[in-house]
Amino acid sequence: MFERIVIEQLSAWKTDKNRKPLIIHGARQVGKTWALKHFGKNYFEDIAYFSLDKDESGLRDIFATTKDPHRIIQQLSFLHGGKINPQTTLLVLDEIQECNEALNALKYFCEEAPEYAIACAGSLLGIHLNHSGNSFPVGKVNHIYMYPLTFTEFLKTKDPALHEYVQSIRSIEPLPQIFFDKLHEAFISYSICGGMPEAAFLMLDFEDMKKVDTTLRNILNDYTLDFGKHTTPTLSTRINYIWNSLPSQLAKENRKFVYQLIRPGARAREYEEAILWLEQAGLVNKVTLSKSPKIPLKAYDDLNVFKLYALDVGLLRNLSEIDGKVLLQPSNQYTEYKGALAENYVLQSLIAQFQTSFRYWTSGNKAEIDFLLQYDNRIFPVEVKAGQSLQGKSLLQYEKLFHPAYRLRYSMLNLKQDGNLLNIPLFLADKTKELLGLLP
């Protein structure tokens with residue numbers, strides 16, 4: 001399987017002298033369970049894995065009947081079939097949002113038994129906490145956020161030598177054409193499968209493209225089942241409407257979210273909770289309009305105007321019913337939506353690096369900046385182009401008004417700095433933070 005960046009974060013957590021019980025957040029199917037099992041197998045002598053989603057053994061009763069962490073460990077050890085040793089065993093509690101008492105017990109482990117290494121995962125934890133009151137042990141846990149597989153992680157398995165070359169880039173200058181072309185080809189593969197690990201693994205060979213689509217459809221079906229399983233019928237219907245409207249929302253040149261594209265007569269107040277549910281489930285990334293690109297960006301949000309992107313470019317492609325062959329053999333009929341997929345990809349790459357929310361800016365019908373990145377006490381305007389055609393005056397308009405230190409443009413042109421404009425090839429989006437560190 002793929003080497004995930006999150007393993008490095010887990011390793012750092014293990015050796016932290018102030019370690020607390022850990023919770024990995026992330027949407028379903030991004031690889032949380034695999035990461036914890038892989039980490040336990042390779043960094044501990046033993047792993048005691050329990051899923052609270054499948055409570056066949058009365059597992060939840062253990063947490064309901066006692067708050068004593070040592071008593072809990074004793075009982076879990078019986079179920080595990082061996083001693084849970086604080087020095088050598090990783091205790092994994094999967095789908096912890098299914099048991100309030102287990103979630104609350106993390107507080108007592110932090111205070112009374114910090115020697116135990118406890119790692120938890122919760123796909124719908126954000127939604128659960130929004131409805132469960134005061135069960136969350138605030139200040140008593142560490143957090144790690146896990147995102148879909150990045151292109152860099154994909155490349156490391158697909159072409160280790162090419163990945164090593166990318167890691168060696170230490171200056172802002174054009175890549176040799178041979179490397180550029182190879183990276184472009186690998187990026188097309190990733191654009192087809194996206195960052196769901198199961199689909200990406202199948203995409204390592206083009207012959208499995210049909211299996212890739214089947215896998216992505218299955219994931220989308222699982223998400224739809226979640227809508228019904230964890231919400232009311234009314235809310236589930238509204239979530240479905242929003243989820244299925246994403247392709248048409250992003251097909252517009254102006255990707256501002258329009259309620260009328262959900263269904264005729266739709267109103268904001270009817271769908272606010274559904275949008276929040278999708279956000280908390282990690283299935284959409286919300287980009288709010290900034291009324292003024294000043295620090296802090298959050299202070300100038302126009303909460304009534306926003307764009308919604310999918311958590312993963314591969315899922316969005318499949319949700320949009322775009323055949324992967326179109327990316328391999330571009331068609332004139334596909335040129336408009338190509339930009340939407342490129343924006344979605346860049347956004348998910350930036351979120352994984354900076355772990356922050358993003359905004360966008362517009363000046364009426366004159367200009368629109370796709371994203372605003374606040375980093376290192378600067379605001380970077382971001383423009384995304386799917387190809388090499390760079391028509392558009394939005395970045396120039398923004399520069400005239402706000403005089404940013406630097407502007408970022410993602411395209412299929414080579415890596416280059418032209419004055420305060422940094423052009424980053426789409427396939428190097430994962431290196432954005434590194435590249436910004438090379439700027440004066």
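**Entry 1: ground rules.** I count two strands as paired if DSSP finds at least two bridges between them. Helices (H or I, at least four residues) and strands (E, at least two) are DSSP runs, numbered from the N terminus. This is a predicted model, so I note that local features need pLDDT of at least 70 and side-chain atom pairs count only at pLDDT 80 or more, while totals for chains, interfaces and linings use all residues. Residues are numbered from 1 along each chain as its sequence is written, and side-chain values use heavy atoms, with hydrogens and water left out.

**Entry 2: the eight-strand sheet.** I traced an open sheet of eight strands with mixed pairing, in the order S7-S6-S8-S9-S10-S11-S13-S12. Its edges are strand S7 (301-310) and strand S12 (416-418); each has a single partner strand, so one side of each has no neighbour in the sheet. From one strand to the next, the twist averages 30° (axes are lines fitted to C-alpha atoms, for helices over the stretch in contact, and angles run from 0 to 180 degrees between N-to-C directions).

Inside the sheet I looked up S10 (residues 378-384) and S11 (residues 407-411), which run parallel and are joined by three bridges. Which residue of S11 is the bridge partner of Val384? I found Tyr410 there.

Helix H13 (residues 268-280) lies across strand S6 (284-290) and S7, and runs at about 120° to S6.

**Entry 3: the five-strand sheet.** I found another open sheet, of five strands, in the order S2-S3-S4-S1-S5 with parallel pairing. Strand S2 (46-51) and strand S5 (142-145) are at the edges with a single partner strand each, so one side of each is left without a neighbour in the sheet. Neighbouring strands here are turned by 20° against each other on average, direction ignored.

S3 (residues 89-94) and S4 (residues 117-122) run parallel, with four bridges between them. In S4, Cys120 is the bridge partner of Leu93. Helix H1 (residues 6-15) packs on this sheet and touches strand S1 (22-25), S3, S4 and S5; the direction of H1 makes about 170° with that of S5. Contact here means heavy atoms within 4.5 Å.

**Entry 4: cysteines.** How many disulfides are there, taking a pair of cysteine sulfur atoms within 2.5 Å as one? I counted zero. Cys110 is in no disulfide, and its nearest cysteine sulfur, that of Cys120, is 12 Å away. For Cys120, the closest cysteine sulfur is in Cys99 at 11 Å, too far for a bond.

Next came accessibility: buried means under 20% relative accessible area, exposed over 50%, and partly exposed in between (1.4 Å probe, protein chains only). Cys110 counts as buried at 17%, and Cys120 is buried at 0%.

**Entry 5: nonpolar cores.** I define a nonpolar core as a set of buried Ala, Val, Leu, Ile, Met, Phe, Trp, Tyr and Cys residues joined through side-chain atoms within 4.5 Å. The largest one has 115 residues, and those with the most contacts inside it are Tyr223, Trp243, Trp277, Leu283 and Tyr410. Helix H16 (residues 335-354) gives the largest share of this core, 10 residues. A second, separate core has 27 residues, among them Ala48, Ile62, Phe109 and Ala113.

I then picked Trp243. Leaving aside neighbours within four places in sequence, Trp243 is in contact with Leu220, Tyr223, Phe227, Leu278, Leu283, Val284, Leu311 and Leu319.

Entry 6: Ser77 lies in helix H4 (residues 69-80) and counts as buried at 13% relative accessibility. A polar atom of the Ser77 side chain lies 3.2 Å from the backbone nitrogen of Ile84. Beyond neighbours within four places in sequence, Ser77 touches Gly82, Lys83 and Ile84.

Gly139 lies in the loop between helix H6 (125-131) and S5.

Pro425 is in strand S13 (residues 421-425) and is buried, with 0% relative accessible area. Setting aside neighbours within four places in sequence, I found Pro425 in contact with Phe180, Ser411, Leu413, Asn414 and Leu415.

Terms used
A disulfide is a pair of cysteine sulfur atoms within 2.5 Å. A polar contact is a pair of N or O atoms within 3.5 Å; within protein, one must be able to donate a hydrogen and the other to accept it, and residues adjacent in sequence count only if both atoms are side-chain atoms.
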